2 protein chains.
Amino acid sequence: MAHDQAGECVDELRALSIEGFLGYQVRRASVVIMNDFIETFAELPVRPVSFSVASVIDDRPGVSSAEICRILGLQRANIVSVLEKLQSEGFVRRTEAPSDMRVQRLYLTEAGVDALRSWKARAMEHENRIFARLDRDERKQLDSLLRKIWS
Amino acid sequence: MAHDQAGECVDELRALSIEGFLGYQVRRASVVIMNDFIETFAELPVRPVSFSVASVIDDRPGVSSAEICRILGLQRANIVSVLEKLQSEGFVRRTEAPSDMRVQRLYLTEAGVDALRSWKARAMEHENRIFARLDRDERKQLDSLLRKIWS
DNA sequence: TATTGTTATACTCTATAACTATA
DNA sequence: TATAGTTATAGAGTATAACAATA
């Protein structure tokens, strides 16, 4: 029963069920987490994408929408309605960039800063619930392993 | 600077960027993995869901579609077209269950078994590419951590 | 020529409600 | 009353192409 360098052999491959694929594990976990996040914010005007967009604007005041898209892996076309909504809710404001008339600099309003703070607190509760079975070291391990995959 | 039981404090919460949320890390990894999976099977009639459905049928010959949905977390309505396609491609066959006329027992055809074997080999290549930066121990750690989240 | 913000559009995935036939 | 398979449909998320304004 010869094993190759990666450690598989033919019979193991044949017997490998879907749960044996790491990608499946990541997917199932992601779905559970996303659903709990959405449920956590059910009565608030917050979706995973708008939460992450607001968070990036908070981290980098004056950031452009194109830059947010590069950071978060979004399409430029798909962030338009997200920003429109955040602006209409009074959480985000835009100013022209004198140095480059194409870009709009984005900032959180005072209400946006307050809202994001409360959203983050709620998101932390959500994370503590979802990752309750992982202690602090395990959460750090998971974080480190996941960053190796996508970053 | 008082810390609560969970180990956060107000200033840490304020400074926590989106990358500090584990759920975000899981999501980004999941997207990268799904996209690579889809690209890996671009010229084949295989999607993540149809791959997992075929795999479950292979593991449990005679399984019903409702049971597959419970195992994979799908809606019954959404598996119909998946099974139709797998059947039209000649990879799945259905037989009535004499003991319960409501259910259809599902099996892979010989062509389905062959196809699934090649799909799994291809999926393993995909996984070895995606998880290249994780050694065997790290992959086992990741698997163990993810199972704690969703199962 | 490249980039920003935008519009329009299409496609996939997922969720819900309702129906039938069976149990 | 509950379940299996199905249909129809709606919604969210994401992708592509094109455009005007600007660099």
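Buried means under 20% relative accessible area, exposed over 50% and partly exposed in between, with a 1.4 Å probe and protein chains only. Helices are DSSP runs of H or I with at least four residues, numbered from the N terminus. The model is predicted: local features need pLDDT of at least 70 and side-chain atom pairs pLDDT 80 or more, while totals for chains, interfaces and linings use all residues. Residues are numbered from 1 along each chain as its sequence is written, chains are lettered from A in the order in which they are written, and side-chain values use heavy atoms, without hydrogens and water.

Helix α2 of chain A, residues 22–40, spans 27 Å from its first C-alpha to its last. Among the buried residues of α2(A) are Tyr24(A), Arg28(A), Ile33(A), Asp36(A) and Phe37(A). Their cover includes α3 and α6 of chain A, and α2, α4, α6 and α7 of chain B. Contact here means heavy atoms within 4.5 Å.

The axes of α3(A) and α4(A) come within 10 Å and cross at roughly 115 degrees; axes are lines fitted to C-alpha atoms over the stretch in contact, and angles run from 0 to 180 degrees between N-to-C directions. The residues that make this contact are tabulated.

| Helix | Contact residues |
|---|---|
| α3(A) | Ser52(A), Val53(A), Val56(A), Ile57(A) |
| α4(A) | Ile68(A), Ile71(A), Leu72(A) |

In helix α7 of chain B lies Glu138(B), which is buried at a relative accessible area of 16%. Beyond its neighbours within four places in sequence, Glu138(B) touches Leu145(A), Lys148(A) and Arg133(B).

How values were computed. Helices (H or I, at least four residues) and strands (E, at least two) are DSSP runs, numbered from the N terminus. The expected span of a helix is 1.5 Å times one less than its number of residues.
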